[in-house]
Amino acid sequence: MKKAITAIIALVLIALAAYGYMRAAQHHHGTTEVNPKEIIYEHLGDAYGWEIPFAHDVRIPLPIIAKADDGWHCFMSCRVTGGETYEGLRINHGEQYNGKLVQVHADGSVSRPLDLSITKNVAAIVVCALLVIAMVFSVRNWYRKHGMKAPRRGTALLELVVDYVYTDTIRPILGKHSPKYAPYLLTVFFFILTMNLMGLMVIFPGGANLTGNLAVTMVLAVITFFVINLSGTREYWKEILWPDVPLGLKCPVPMMPFIEILGMFTKPVALMVRLFANMMGGHMVVLVLMLLIFIFSGMFGAAVGGATTVFSLAFALFMLALDTLVSFIQAYVFTILSTIFISMALVEPHGHEA
Amino acid sequence: MELFTPEFGLVFWMFVAFLCLYCILAKWAWPFIIRSMEERADLIDKGVAYAQESKAQLDNAKAQAESLLAEARQQQADILRDAAKMRNQIIEDARGEAVVEAKKVSDAALVSIEQAKKESEKQIRREVGEIALQIAEKVLRKNVSSDQAQRELVDKYLNEVETKN
């Protein structure tokens with residue numbers, strides 16, 4: 001009974017949304033041209049200023065920090081997001097540097113300054129980092145205050161996840177080395193998980209497509225690369241540079257060492273691309289589903305657009321639920337693979353096989 | 001394609017943010033959390049082991065108490081049996097002693113009776129002798145030359161009388 005009522009309410013809401021859309025589209029017929037590619041890249045990409053819900057043009061201003069030829073510039077992004085030029089800087093639109101801050105020279109040409117602006121993504125990274133700190137410290141403070149008592153509610157959930165990642169994943173793989181690497185791996189896990197989940201939230205504190213941005217995953221992968229290779233044992237380097245293969249494979253032409261060195265780089269690159277592609281793909285599918293409404297309505301009229309609303313909403317909801325799962329899985333996969341790569345770098349000399 | 005070309009600013013800030021996050025958490029949070037979690041796991045393991053041990057001890061103690069109780073019952077029964085035996089023994093002994101005592105008393109009585117009897121016999125004999133002598137003196141005053149010879153004669157006669165009796 002309860003389920004039936006919920007289903008009916010949901011259907012009514014979707015029908016209302018469809019009808020509302022149809023009316024609105026009829027009203028504004030022909031006034032808006034939809035450019036799906038631009039919309040998708042705008043939503044997946046970075047921006048100076050953080051859009052607030054339901055108001056496309058109202059943005060929370062964020063500081064712009066840039067070093068142009070004439071020195072450092074530092075001002076709020078609201079001075080340039082309207083298309084103005086401020087202190088010789090403006091946001092470019094066009095083929096080159098689209099949507100980026102550029103320096104306008106006297107002859108009208110533009111160049112990219114050293115741009116360290118607190119963009120939407122940077123602000124979202126800070127928000128996520130603070131969230132992670134708040135979450136982790138809530139667990140820590142629980143232990144500090146309550147000692148050995150089992151945590152309750154949210155803290156218990158966090159502790160469960162920490163326990164799952166540490167006791168069931170890191171410790172069995174790394175063994176006696178785990179206390180040394182666990183802080184890094186746990187930080188990576190929680191940071192990625194938070195960024196993934198915050199990216200799925202459409203409105204203000206979330207909505208930034210962080211882990212679906214190659215820069216973010218690249219930093220994580222590069223740090224993991226250094227952690228792996230800086231903790232490599234003598235045996236690890238020996239296996240890379242002088243592996244246990246017939247002499248012909250490594251002596252005149254260092255074929256195996258070459259493959260092994262390539263392997264050093266493919267591991268973090270795989271980490272980087274996996275996380276990036278999974279998260280960006282999820283976002284993109286939801287965006288495309290939403291855009292289908294506008295595309296169909298532009299092609300076949302408002303009624304078809306209204307009908308598409310129902311399907312698009314249903315599928316988008318399903319995709320978002322799936323992305324929630326993927327958020328956890330990808331954070332976990334990144335962590336467990338980093339753990340495995342580190343454990344492979346910590347290899348001890350084993351007995352010589354006959 | 002903006003998505004595929006990492007922006008330097010974002011890389012820079014991401015790196016800084018991650019390092020700060022890592023330093024803060026690695027210094028103040030994770031080691032403490034991991035240690036606490038492991039300590040609690042140990043505590044729980046220890047608690048379970050302790051509970052099992054104490055249960056085993058309790059079972060053991062129960063068995064011990066039962067065996068002690070059985071032993072005590074056995075001892076009680078033994079003591080009771082010994083006591084009964086001792087009582088019977090004492091009664092038996094007392095009875096024996098009483099018999100002996102009674103026998104002694106009766107023997108003594110018999111001895112004294114015998115003595116009294118002998119005494120009285122002597123007395124009687126003497127008196128009878130006296131009387132007989134007096135009678136004989138009176139009867140045979142002239143025939144009797146000496147006192148001594150007379151007495152021996154009377155004794156002889158009396159002995160004859162006694163042996164006849």
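**Close-up views of a predicted two-chain model**

**View 1. A salt bridge between Glu7(B) and Arg112(A).** The side chains of Glu7(B) and Arg112(A) meet in a salt bridge, with 2.3 Å from N to O; the term stands for a side-chain nitrogen of Lys or Arg within 4 Å of a carboxyl oxygen of Asp or Glu. Because Glu7(B) lies in the segment before helix 1 (8–139) of chain B, and Arg112(A) in the loop between strand 7 (110–111) and strand 8 (114–115) of chain A, the pair joins two chains. Helices (H or I, at least four residues) and strands (E, at least two) are DSSP runs, numbered from the N terminus. Glu7(B) is partly exposed at 22% relative accessibility, and Arg112(A) likewise counts as partly exposed, at 22%; here buried means under 20% relative accessible area, exposed over 50%, and partly exposed in between, with a 1.4 Å probe and protein chains only. The model is a predicted one, in which local features need pLDDT of at least 70 and side-chain atom pairs count only at pLDDT 80 or more, while totals for chains, interfaces and linings use all residues. Residues are numbered from 1 along each chain as its sequence is written, chains are lettered from A and ligands numbered from 1 in the order in which they are written, and side-chain values use heavy atoms, with hydrogens and water left out.

**View 2. The salt-bridge network around Arg112(A).** Arg112(A) also forms a salt bridge with Asp115(A), and the closest N and O atoms of this pair are 3.2 Å apart. Asp115(A) is buried, with a relative accessible area of 7%. Lys100(A), Arg112(A), Asp115(A) and Glu7(B) are linked in a network of salt bridges, and over all chains the whole structure holds 9 salt bridges.

View 3. A cavity is a set of points, on a 1 Å grid over the protein atoms alone, where a 1.4 Å probe fits but cannot get out, and its lining residues have an atom within 4 Å of a point. Grid points are joined across faces, edges and corners, and a volume is the space filled by probe spheres set on the points. By this rule there are 2 cavities of 30 Å³ or more, and the largest cavity has a volume of about 80 Å³. Its lining consists of 13 residues, of which Asp46(A), Tyr48(A), Asp115(A), Thr119(A) and Glu7(B) lie nearest the centre. By class, the lining has 4 nonpolar, 4 polar and 5 charged residues, where Ala, Val, Leu, Ile, Met, Phe, Trp, Tyr, Cys and Pro count as nonpolar, Asp, Glu, Lys and Arg as charged, and the others, Gly among them, as polar.

**View 4. A nonpolar patch on the surface of chain A.** Met1(A), Ile5(A), Ile8(A), Ile9(A), Val12(A), Leu13(A) and Leu16(A) form this patch, with about 740 Å² of accessible area together. Patches are made of residues with over 30% relative accessible area and no salt bridge, nonpolar side chains (Val, Leu, Ile, Met, Phe, Trp, Tyr) being joined within 5 Å and like charges within 9 Å; accessible areas come from the Shrake-Rupley method with a 1.4 Å probe, and for residues only the protein chains shown count as cover. Ile5(A), one of the patch residues, is placed in helix 1 (residues 2–27) of chain A and counts as partly exposed at 43% relative accessibility.

**View 5. Gly20(A) and Gly306(A).** Gly20(A) lies in helix 1 of chain A and is partly exposed, with a relative accessible area of 35%. Although Gly20(A) and Gly306(A) are 286 residues apart along the chain, their C-alpha atoms are separated by 8.0 Å.

**View 6. The backbone at Glu87(A).** Most residues other than glycine have a negative phi. Glu87(A), however, has a phi near 50 degrees, a positive value in a residue other than glycine. Glu87(A) belongs to the loop between strand 4 (71–76) and strand 5 (89–91) of chain A, and is partly exposed at 39% relative accessibility.

View 7. Asp107(B) forms a salt bridge with Lys103(B), with the closest N and O atoms 3.8 Å apart. Because the two residues are 4 residues apart in helix 1 of chain B, Asp107(B) and Lys103(B) are separated by about one helical turn. Asp107(B) is partly exposed, at 34% relative accessibility.

How values were computed:
On a 1 Å grid over the protein atoms alone, a cavity is a set of points where a 1.4 Å probe fits but cannot get out, and a pocket is an open set with protein on both sides within 12 Å along at least five of seven lines; lining residues have an atom within 4 Å of a point.
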